[in-house]
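Me: I'd like to learn how to read the features of a protein model, one at a time. Could you take me through some?

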Amino acid sequence: VRMLVGKTLEHFGRVDILVNNAGANPVLAPLAELGEEAFDKVLEVNLKGALWMSQAVIGPMIQQGGGRIINLSSISGLRARADGTGAYCISKAALNMMTQVMARELAPHNILVNAIAPGSIKTEFSRVNWTDPERKAQRIREIELRRFGEPEEVVGVALFLASEAGSFVTGEIIRVDGGQTI
């Protein structure tokens with residue numbers, strides 16, 4: 001992490017925007033059956049990775065007078081599911097709280113920290129949800145727009161948060177879910 005940020009600073013001279021876009025859920029299992037190794041992996045990738053990356057850019061961002069940190073969360077961090085993704089839900093809920101704590105801590109340094117909480121987006125990560133007919137039908141019923149979102153629809157929100165148009169937005173968890181959590 002430190003080497004990545006160091007190389008970025010060497011090449012560009014500054015770090016303006018960090019997008020923490022890592023997610024893992026290696027095992028679908030109820031929490032009562034979830035092993036420690038699987039739980040640790042989910043927390044390592046989904047929470048600790050974002051924390052360590054953020055810590056590595058905070059110093060340079062403070063020195064340059066500000067920056068943006070955008071965490072990719074999930075609507076699974078906003079509501080519980082009983083579909084074997086409990087560890088994932090927990091990790092993304094923790095990421096949401098981390099986003100809000102960092103937003104408060106870093107606002108005096110003009111570092112804006114926000115999260116995007118996608119719903120059912122058609123990505124490789126969510127392949128099981130749009131290729132398995134039963135899971136797909138269930139998800140479509142849950143989405144008010146009656147379709148899966150496209151990755152570009154999440155990218156638009158990230159661009160807003162990274163741009164001057166988002167310069168007065170911090171501590172937000174923005175849902176991009178087609179009405180799935182209304």
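Predicted model: local features only at pLDDT ≥ 70, side-chain atom pairs only at ≥ 80, totals over all residues.

Me: Let's start with helices. How is a packed pair described, and what are the angle and axis distance for α1 and α2?

Reply: Two packed helices are described by the angle between their axes and by the distance between those axes. Here helix α1 (residues 2-12) and helix α2 (residues 36-64) pack at about 35°, and their axes are 9 Å apart. The crossing of α1 past α2 is right-handed.

Me: How many residues of α1 are buried?

Reply: The count is 1 among the 11 residues of α1, a helix that is hardly covered. Just after α1 comes glycine 13, with a positive phi of about 85°.

Me: Which residues other than glycine have a positive phi?

Reply: Asparagine 110 is one of them, with phi near 60°. Asparagine 110 sits in the loop that links α3 (86-106) to β3 (111-118). Arginine 146 also has a positive phi, near 60°, and its place is the loop between α5 (133-142) and α6 (151-162).

Me: Are those two buried, exposed or partly exposed?

Reply: Compare the relative accessible area with the cut-offs: under 20% is buried, over 50% is exposed, and partly exposed lies in between. Asparagine 110 has 46% relative accessibility, so it counts as partly exposed. Arginine 146 is partly exposed because its relative accessible area is 46%.

Me: Let me try those cut-offs on asparagine 96 and glutamate 36. Which is buried and which is exposed?

Reply: Asparagine 96 is in helix α3, and it is buried because its relative accessible area is 4%. Glutamate 36 belongs to helix α2; its relative accessibility is 62%, so it counts as exposed.

Me: What is asparagine 96 in contact with, beyond its neighbours within four places in sequence?

Reply: Its contacts are Ser73, Ser74, Gly77, Leu78, Ala115 and Ile173. Asparagine 96 and lysine 41 are 55 residues apart along the chain, with 18 Å between their C-alpha atoms. For glutamate 36 and glutamate 124, 88 residues apart along the chain, the C-alpha atoms are separated by 25 Å.

Me: Which helices and strands supply the lining, and what classes of residue does it contain?

Reply: At least two lining residues come from each of α3, β3, α4 (127-131), α5 and α6. The largest share, 4 residues, is from α6. By class, the lining of the largest pocket divides into 15 nonpolar, 13 polar and 6 charged residues.

Definitions and conventions: Residues numbered from 1 in each chain as written. Heavy atoms only, no water. Buried < 20%, exposed > 50% of the residue type's maximum accessible area, 1.4 Å probe, protein only. Nonpolar A, V, L, I, M, F, W, Y, C, P; charged D, E, K, R; others polar. Axes fitted to C-alpha atoms, helices over the stretch in contact; angles between N-to-C directions. Left-handed = near helix turned anticlockwise from the far one by under 90°. Contact = heavy atoms within 4.5 Å.
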